[in-house]
Amino acid sequence: QVQLVESGGGLVQTGGSLRLSCAASGNFASINAMGWYRQAPGKQRELVADISSGGIANYADSVKGRFTISRDNAKNTVYLQMNSLKPEDTAVYYCKGVVVVLIKRREYWGQGTQVTVSS
């Protein structure tokens, strides 16, 4: 069982910045991969960025050069630094963690945090 708690969302003007955090707790030895997804009203949930346990990051084309994902394995926490924000970034942002136990792979999701970018 893994619990993920996001924080750092809010309201910001176009061109501004926010830093999201997601802290994991529960009974696990380590988290294989962590990532950020977002969902706007009426749209599908989409990948924003993810990062492996070794620190290899992957980004959606729409956020490359503006967002940076990082993680602190000692704190079981993943971050998303969001710069040069645009109105189209407005969405609920969700944290995901992947835990592998023997041959079983499990995904865990946070409750989401709202990011609103005003024009």
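**An exposed loop residue, a hairpin and the nonpolar core**

Isoleucine 103 lies in the loop that links strand 9 (91–101) and strand 10 (104–109); strands are DSSP runs of E, at least two residues, numbered from the N terminus. The model is predicted, with pLDDT of at least 70 needed for local features and 80 or more for side-chain atom pairs, while totals for chains, interfaces and linings use all residues. Residues are numbered from 1 along each chain as its sequence is written, and side-chain values use heavy atoms, without hydrogens and water.

Isoleucine 103 is exposed, at a relative accessible area of 87% (exposed means over 50%, buried under 20%, partly exposed in between, with a 1.4 Å probe and protein chains only).

Strand 7 (residues 67–72) and strand 8 (residues 77–82) are paired antiparallel through six bridges; pairing requires at least two DSSP bridges between two strands. Serine 70 has tyrosine 79 of strand 8 as its bridge partner. The two strands form a hairpin with four residues between them, and asparagine 76 in the turn has a positive phi of about 50°. In a regular strand, side chains alternate between the two faces of the sheet. On strand 7, Phe67, Ile69 and Arg71 make up the covered face, whereas Thr68, Ser70 and Asp72 make up the uncovered one.

The largest nonpolar core contains 30 residues, and Trp36, Leu80 and Tyr93 have the most contacts inside it. Such a core is a set of buried Ala, Val, Leu, Ile, Met, Phe, Trp, Tyr and Cys residues joined through side-chain atoms within 4.5 Å. Strand 7, strand 8 and strand 9 are among the strands that each supply at least two residues of this core.
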